[in-house]
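Work through the exercises below with the sequence and the coordinates open. Each task is followed by a solution in steps.

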Amino acid sequence: MADSLSRRRRWTNRIMLTLTGVASVLILVPLTLILSYLMTAGSGAINIDFFTQLPAPVGEEGGGMVNALVGTLFLVLLAGALGLPIAVGAGIYLAEARKSPFANLVRFIADVMNGIPSIVTGIFVWAWIVLWMGRFSLLAGSVALAVMLIPMVTRTTEEMVRLVPRELREGGIALGFTRWRTTLGIVIPAARGGILTGILVALARISGETAPLLFTAFGNPFMEWRLNEPISALPLLIYQYAISPYDEWHRLAWAAALVLIALVLVISLLTRFLIKDPHRER
Amino acid sequence: MANPADGGLMARLLPSRSKGNVQDQFYRLALLLFGVSIPLLFLFIVLRIGTEAWPAMEAFGWGFITGTEWNPVLREFGALPFIFGTVVSSVLALMIALPLSVGLAIFLTELAPRWLAAPIAFATELLAAIPSVVYGLWGIFVLVPWLRFTIQEPLSRHFGDVIPIFEGPAYGFSMMAGAVILSIMIIPFISAVTREVLTAVPRDQREAALALGATRWEMTWQVALPYALPGIIGGAILGLGRALGETMAITMVIGNRPDIAASLFAPGYTMASVLANEFAEATGALYLSALMEIALILFGITIVVNIFAQLLVWRVAKRGGR
Amino acid sequence: MNAELQPSTMAPHRPSRSPGAEAEASALPPARELESAVEATDFSFWYGSNQALDSISLTVPARKVTALIGPSGCGKSTFLRSINRMNDLIPGIRHEGDITLHGDSVYRNDRDVVQLRKSVGMVFQKSNPFPKSIYQNVAYGPKVNRLVRGRAEMDELVERSLRRAALWDEVKDRLDSSALGLSGGQQQRLCIARALAVSPEVILMDEPASALDPVATQKIEELIYELKHEYTILIVTHNMQQAARVSDYTAFFYMGRLIEMGRTQQLFTNPHEEQTEAYITGRFG
């Protein structure tokens, strides 16, 4: 009897552990499918025109997305310029203030803000910048992306600064450095690699965002880079083309998606490289 | 976790906080301003959306939430179909994602050798890095047709008359497609959190179970998982929060029809989707304000879910740091 | 290293023992002449390319206490964990030779590891109760191994195990409260009760008292003394006083080798090997 019981337990063990393997395979299936579809459907439409030409009107073959590429670049750069100083500053604040009740509140709100739906962020910026300017614009799009960026980078910066060994900080203070000099001159450089990684991951994430741009940057079929004009972006164009009825546009949407994924991949590989950066090991 | 010695040392070296070095006073102030900017931004978001939503709240009252008719032309604004669509698609997504994520996490922490675990973990991270709109694109052209012809049509043909959730024509673009795409998107998230808390289960707990004659599975199921449970629940709720607010992918596959249907195969509509679809075309102040109120409700729901999850995760972190 | 040397300051004196133990000890035959519970033959063990044990041959007599001593990193814990194959969890391990439990190879291919671990109880260095109630902790082993039927039988087994672990009187009124609320010494005795509940033949103790205060340590030692009438006990300790107090036989490990094994009294007063003498008298570098 004991034998049959232990046989049952052995089988339960085997079956359940196998099931965890099955779950893992099931999860990897969509990833493989998505990547392979991107490769096959996307690579066909990628050529020089894709990177240099404006979108062609409906019905015409060819055309490119140079406006969307430029748009994404400008939106992300401007969002970084607007959001990163605040985010890194707030992150340092949190790392320095640690357990003060107000710092706990700020930390909590930053975590909660990370969960705000991106479409709500877009609508907030519409109700703020777009209503105020009276038009969709590059500025509005960048602000929307910056609002998403800030809580993300704040928390990663805080974590990275906190990882710096206390001895290093105390070393600076014991030498008679002021606190700001200790932080900016010793602590931040020691955490540089980690902070940069956090920033890159966040930039990669916002460069793929569509929802916050729908009612802020809005999209634009022409090349544009002025602050107060609507501007296109890669994700916006993918969305517009994907829900369009034209096969040619679908092809371009796949190509744009491939480029977008490649961008994200390059950045995440770059962060891996950064993590191995010897400077990061203090 | 905080170093009391740190504060103490600072206090001794910088004689008094109030009278310290002038530069440092300025530095502290500047940092504080950065810190304050985050709660201010949050307040501003609430205020801005709240103000814009106010006319609709005044006009419709609670009827806005309970109303089932959404017809902007007739100025009928009932948001229930969207709330229903958001909640149902997200909960379904969680029901699919949670067992798979926990399975993956167990496989990676308890079973897989390192040469296998590392690339799989990287692949799931990659899954998290794919932009929402790319999921949507794949959903439209690959997932939806597949669901329609290989899953929905046979199920509907054989069981449609008996089981309400399988009834009706197979549209492809449906609540089911929305839930599946959402689940794929939140899996990396939940499995990452689960993996983290499972790795944090002390080795001596596992060894105690094994030494008593537990099998590997019994050790995992009866000792490691219960130990990690609060963290897993926290991760699941964070994943739910993601799903509730997810916009592009689900807008592209759910079918966007404001009905409350029992069938998984029928199209649905979520709060985020109606915002994405109708906001730019909204004519008239009241229509716009109604959409703003939907944004406010969505905001409120996700905030509550996130606060709840955050409190859970923090409690776990505190316990871990004891 | 300092911690290793400390206990040896007392080594030249005879360790104090209870009078009963002394009388018994002098009557002990050599380990080989007794019924053996665990027997290692040329057992070697590697973590990756790192050899932790080098041809250990050792006989552990049944229903006696055998202490494994030696400086840290000498392989005593590895040996202990090889007996119930707890090292299996670590990737990249390898072994040669064999260990038998009552004549049955621990490492034979079709060995049921779960069954093996059930018949070999283990108590760890740091007490590791599950974050459950006291009752559930003791009941866990019998439950997964389906040793009892029904609540009444389980109640009885839990009580018996707790009594044997000399914990019953302290916890009988709060069996349903969390085990984490117990003191360190109580937690460790709970872990012993938990191990006893699956009726093991051999109990392995890996420095069971190293994290405890003297009073709690004494209780554990008294408990070991009681338990040896029914169980074979192997205890790893770096505290030589403790080895001298609780064990009947002692094995001295050094750099992955078994240097010497003998009656405790003999090994501490009259070691055969020079290295053993150096260790117990503290001349160790």
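## Exercise 1: the interface of chains B and C

In this predicted model, 18 residues of chain B are in contact with 24 residues of chain C, where contact means heavy atoms within 4.5 Å. Local features need pLDDT of at least 70 and side-chain atom pairs count only at pLDDT 80 or more, while totals for chains, interfaces and linings use all residues; side-chain values use heavy atoms, without hydrogens and water. Residues are numbered from 1 along each chain as its sequence is written, and chains are lettered from A and ligands numbered from 1 in the order in which they are written.

Task: State how much area chain B and chain C bury between them, and which three residues of chain B supply more of its share than any other three.

Solution. 
Step 1. The size of an interface is often given as the accessible area lost when the parts come together. Here buried area is the accessible area (1.4 Å probe) that two parts lose on being put together, summed over both.
Step 2. For chain B and chain C this comes to about 1800 Å², with 60% of it on carbon and sulfur atoms.
Step 3. On the side of chain B, the three residues are Glu207(B), Ala211(B) and Leu212(B), which supply 32% of the area that chain B buries against chain C.

## Exercise 2: chain A as a whole

Task: Describe the secondary structure of chain A, then decide whether chain A is a compact globule or more spread out.

Solution. 
Step 1. Helices (H or I, at least four residues) and strands (E, at least two) are DSSP runs, numbered from the N terminus. On this count chain A has ten helices and zero strands.
Step 2. The radius of gyration, taken over C-alpha atoms, is compared with a globule rule of 2.2 Å times the number of residues to the power 0.38. For 282 residues the rule gives 19 Å, whereas chain A has 24 Å, well over that value, so chain A is more spread out than a compact globule.
Step 3. The C-alpha trace of chain A spans about 75 × 70 × 35 Å along its principal axes.
Step 4. Buried residues (under 20% relative accessible area; exposed is over 50%, partly exposed in between; 1.4 Å probe, protein chains only) make up 56% of chain A.
Step 5. Of the contacts in chain A between residues at least 6 apart in sequence, 72% join residues at least 24 apart.

## Exercise 3: Phe74(A)

Task: Is Phe74(A) buried or partly exposed, and with which residues is Phe74(A) in contact beyond its neighbours within four places in sequence?

Solution. 
Step 1. Phe74(A) belongs to helix α3 of chain A, residues 66-97.
Step 2. Its relative accessibility is 31%, so Phe74(A) counts as partly exposed.
Step 3. Leaving those neighbours aside, Phe74(A) is in contact with Leu138(A), Ser142(A), Trp225(A) and Ile231(A).
Step 4. Asn220(A) is 146 residues from Phe74(A) along the chain, and their C-alpha atoms are separated by 14 Å.

## Exercise 4: chain B and its helix α11

Task: Give the order of elements in chain B and find which residues of α11(B) are buried.

Solution. 
Step 1. Chain B has twelve helices and two strands. From the N terminus on, the order is α-α-α-β-β-α-α-α-α-α-α-α-α-α.
Step 2. Of its 322 residues, 55% count as buried.
Step 3. Helix α11 of chain B (residues 271-278) is mostly covered, with seven of its eight residues buried. These are Met271(B), Ala272(B), Ser273(B), Val274(B), Leu275(B), Ala276(B) and Glu278(B).
Step 4. The C-alpha trace of chain B spans about 70 × 60 × 30 Å along its principal axes.

## Exercise 5: helix α5 and Tyr107 of chain C

Task: Why is helix α5 of chain C described as largely enclosed, and where does Tyr107(C) lie?

Solution. 
Step 1. Chain C has twelve helices and ten strands, and 55% of its 285 residues count as buried.
Step 2. Nine of the eleven residues of α5 (residues 134-144) of chain C are buried, so this helix is largely enclosed by the rest of the structure. Among them are Ile134(C), Tyr135(C), Tyr140(C) and Val144(C).
Step 3. Arg146(C) follows α5(C) and has a positive phi, near 50°.
Step 4. Tyr107(C) lies in the loop between β5 (104-105) and α4 (113-119) of chain C. With 12% relative accessibility, Tyr107(C) counts as buried.
Step 5. The C-alpha atoms of Tyr107(C) and His95(C), twelve residues apart along the chain, are separated by 9.2 Å.
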